[in-house]
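Subject: Structure handover

Dear colleague,

I am passing on the structure below, together with notes on what came out of the analysis. Please read the notes with the model open beside them.

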Amino acid sequence: MTTNHEPAAETVTVLLVHGAFAESASWNGVVPELHLHGHRVLGVANPLRGLQEDAAHLRSILDTITGPVVIAGHSYGGSVMSEAADGVANVSALVFVASFQLEPGESTAELAAKFPGAELGAALEPRPVPLPDGGTDTDLYIRQDRYHPVFAADVDPETAAVMAATQRPVTSSALEAPATRAALRTVPSWALLTRQDLAIPLESQRYMSERAGSTTVEVEASHAVTVSQPGPVADLINEAVAASVGVTV
């Protein structure tokens, strides 16, 4: 017997993977829409420490889930989910939201700089961070005075200010690490492209989604589309669930 708190065994699990300069709360507007369709939802706390380390963390969560899984990744979260989900049999679909879609050998930083129009790099503030082995890496933050115009231009200023203050940094090594695996080669994928994006230019997003053969939609939104337009994001995730798992939404 199941209850409202115990989803049926074949309930779809939707994992939401945030990217750099954000946190799981960036999905807050999307989650209620997914719950309305009966999906089990988990916002994964992406460590943002290194591509392989972050993918291993996500993979450890995937290994605990039975039944069909659809993963949605925003920005660098797409790099992580494609690396982590390769070879995981119950991952039915990948949804890239204003996201990177790497091929093996490519890095997030490489794809970010492939086409003109990105303003994120100039807005970053580096800070040294110690490593467990005694070495150092560099944590990257978006300068708070640049967060709203560059990352979240269509989010109201008050919300963007909170996002800027609570942003989670990513290490430079995470962005520079090359992908070694690509689930997008074998798992059906969807992509939501953001036309007003100053972090990943639209031309770059189109290049990656066309190369991957993703089913795509485009919206007039900034990079922070999960906050500014959660409805279209949830709609695309639900579409991916319906097409890949056969669950009516």
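Tyr147 and Phe151 both lie in helix H5, four residues apart, which is about one turn of the helix; helices here (H or I, at least four residues) and strands (E, at least two) are DSSP runs, numbered from the N terminus. Before going further, please note that this is a predicted model, in which local features need pLDDT of at least 70 and side-chain atom pairs count only at pLDDT 80 or more, while totals for chains, interfaces and linings use all residues. Residues are numbered from 1 along each chain as its sequence is written, and side-chain values use heavy atoms, with hydrogens and water left out.

The aromatic residues

A search of the whole structure finds three aromatic pairs, where rings of Phe, Tyr and Trp (its six-membered ring) pair if their centres lie within 6.5 Å, and planes under 30 degrees apart count as stacked, over 60 as edge-to-face and the rest as tilted. Phe21 and Phe151 form one of these pairs, edge-to-face, at 6.4 Å centre to centre and with 85 degrees between the planes. Because Phe21 lies in the loop between E1 and H1 and Phe151 in helix H5 (residues 144–151), the pair ties together parts that are 130 residues apart in sequence. The rings of Tyr147 and Phe151 have their centres 4.9 Å apart and their planes at 40 degrees, so this pair is tilted. Phe21, Tyr147 and Phe151 form one aromatic cluster.

Phe21 is buried at a relative accessible area of 4%, Tyr147 is buried at 1%, and Phe151 counts as buried at 2%; buried means under 20% relative accessible area, exposed over 50%, and partly exposed in between (1.4 Å probe, protein chains only). Not counting residues up to four places away in sequence, Phe21 touches residues including Leu120, Leu140, Ile142, Gln167 and Val170, with contact meaning heavy atoms within 4.5 Å.

The structure holds one cavity of 30 Å³ or more, and about 30 Å³ of space lies in the largest cavity. On a 1 Å grid over the protein atoms alone, a cavity is a set of points where a 1.4 Å probe fits but cannot get out, and lining residues have an atom within 4 Å of a point; grid points are joined across faces, edges and corners, and a volume is the space filled by probe spheres set on the points. The largest cavity is lined by Phe96, Ala98, Ser99, Gln101, Leu192, Leu193, Gln205 and Met208, and the elements that give two or more residues to this lining are strand E8 (189–194) and helix H8 (202–212).

Backbone points to check

Ala98, in the loop between E4 and H4, has a positive phi of about 45 degrees although it is not a glycine. Leu48, found in the loop between strand E2 (40–44) and helix H2 (51–62), has a phi near 65 degrees, also a positive value in a residue other than glycine.

Best regards

Notes: 1 Å grid on protein atoms, 1.4 Å probe; cavity = no way out; pocket = protein on both sides within 12 Å on 5 of 7 lines; lining within 4 Å.
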